Amino acid sequence: MNPTRRKFLRNVTAASALLATESIAKPFNIIKDLKKISPNDKIRFATIGMGIQGHQDTKAALRGAPDAEFVAAADLYDGRLARVKEVFGKDIFTTRDHRQILERKDIDAVLIVTPDHWHDHITKASLQAGKHVYCEKPMVHHINEGLSVIDAWKKSGKTMQIGSQRISSASFKEAKRLFQAGEIGEINYVESNNDRFNSIGAWNYSIPTDASQTTLDWDQFLGDAPKVPFEAKRFFRWRNYRDYGTGVGGDLFVHLITGVHFVTNSLGPERIMSSGELSYWKDGRDVPDVLVSILDYPKTDIHANFQMVLRVNFANAGAIANNTRIIGTEGQIEFTENNLVLTKKKLPKAPGFGGYDSYNTFSESEQQAFKKQYDAQYPEDTRKAEPVKEVKFTAPKEDDAHANHFADFFDNIKKGSVGTIEDPIFGFRAAAPVLACNESYFSKKIINWDPVAMKVKKK
């Protein structure tokens, strides 16, 4: 085995090496592009899609890799291109046509922060053009696009990171450490939610007064989506429409699933079912604002079987506590991006008797016989549970999950590694279940998923 190939195989993430099926686990066909970048060289990157997240990602990338250089941006709305120069400098190259960025040999990496229906197209084109890729979640718009993106990544030999940055937080890393140490026993249930109660949180983003087919490229925005007349609302509030976005599943469930997969090393569920409705935001959108999904995870060599329940409610006027609880036989880990509480709680070996129990319905003689048998079977030291133990963790104030996520991306580029914390195989294993949640909701059917082969199972 030559040194380059040996080094590549070392750098493949454990999850990718262990979990991929035969059809996708074979070594990448092309590895010649996996070269180190000198620590003294700046990685020059461009952002494709300068909306809300595009700005957030670009700023986080610069925080995470101060030696990286932001040199170009693409967006279909002229106002955003003007804003790029105002915020990041007048020398930033801007264009409506992302292909002009991919043609430039002096750009090493691209951040793809477009509406979901463009993710797979621009990702594959970028990899083919020799760019390292950071693609926002969900990795793809439709389940059947995932394996082709993975294949393109493998053939390119380039570093690729999916953008669900919470797993790069100190809190998520601590949750993973505690879970892997067996602190909660065997997992059996997970619940995770992300509720909101405000208009902007429900994706009703502001629309500029100059929005028109003159100031933005409507035809390019539509891409392979159905051709419909220009409507500014669809452009600036694209998350509200299935043609361009993936609803609460692709925007929020994907973060929740990504976190659980990161902590548990799970491959994914095998059965997915959803229920919900469009309850409050009846503004022309065609995706639900209340969605609950149940995902059944099979037993593996790594963890026990468990059930996960996900919820999003965009009309929650009650208490909102957006957190994840991973529950096991000996406790639970409850965590957010910034803090964590481990509660350890074990049952005593002795089951106890009396109280609300059938023991009280026995005859007096039978109660005496039962107690004698119980005393012989359960000594005194088996009758008391260990005291409940609570451990709290708060992320350091300087912890910056978003910047950490980009630091991992750029560090791997420099090392010539494909082993990012959220590579495309991991990213698709998080994206596919949330897309299946949507499919279950709209079809009113249970979706059966093969988490190893990463394919919908036909029944």
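A residue is called exposed when its relative accessible area is over 50%, and buried when that area is under 20%. In the predicted model described here, Lys105 has a relative accessible area of 76% and is therefore exposed. Lys105 sits in the loop that joins α6 (98-102) to β4 (109-112). Between Lys105 and Glu69 the C-alpha to C-alpha distance is 15 Å, and the two are 36 residues apart in sequence.

The protein chain as a whole contains 15 helices and 16 strands. Along the principal axes, its C-alpha atoms fill a box of roughly 90 × 60 × 50 Å. The radius of gyration of the protein chain is 25 Å; a compact globule with 459 residues would have a value near 23 Å, so the two agree.

Of its 459 residues, 52% are buried. Among contacts with a separation of 6 or more, 72% are made by residues 24 or more positions apart.

Notes: Residues numbered from 1 in each chain as written. Predicted model: local features only at pLDDT ≥ 70, side-chain atom pairs only at ≥ 80, totals over all residues. Heavy atoms only, no water. Helix = DSSP H or I, 4+ residues; strand = E, 2+ residues; numbered from the N terminus. Rg over C-alpha atoms; globule rule 2.2 N^0.38 Å. Buried < 20%, exposed > 50% of the residue type's maximum accessible area, 1.4 Å probe, protein only. Contact = heavy atoms within 4.5 Å.
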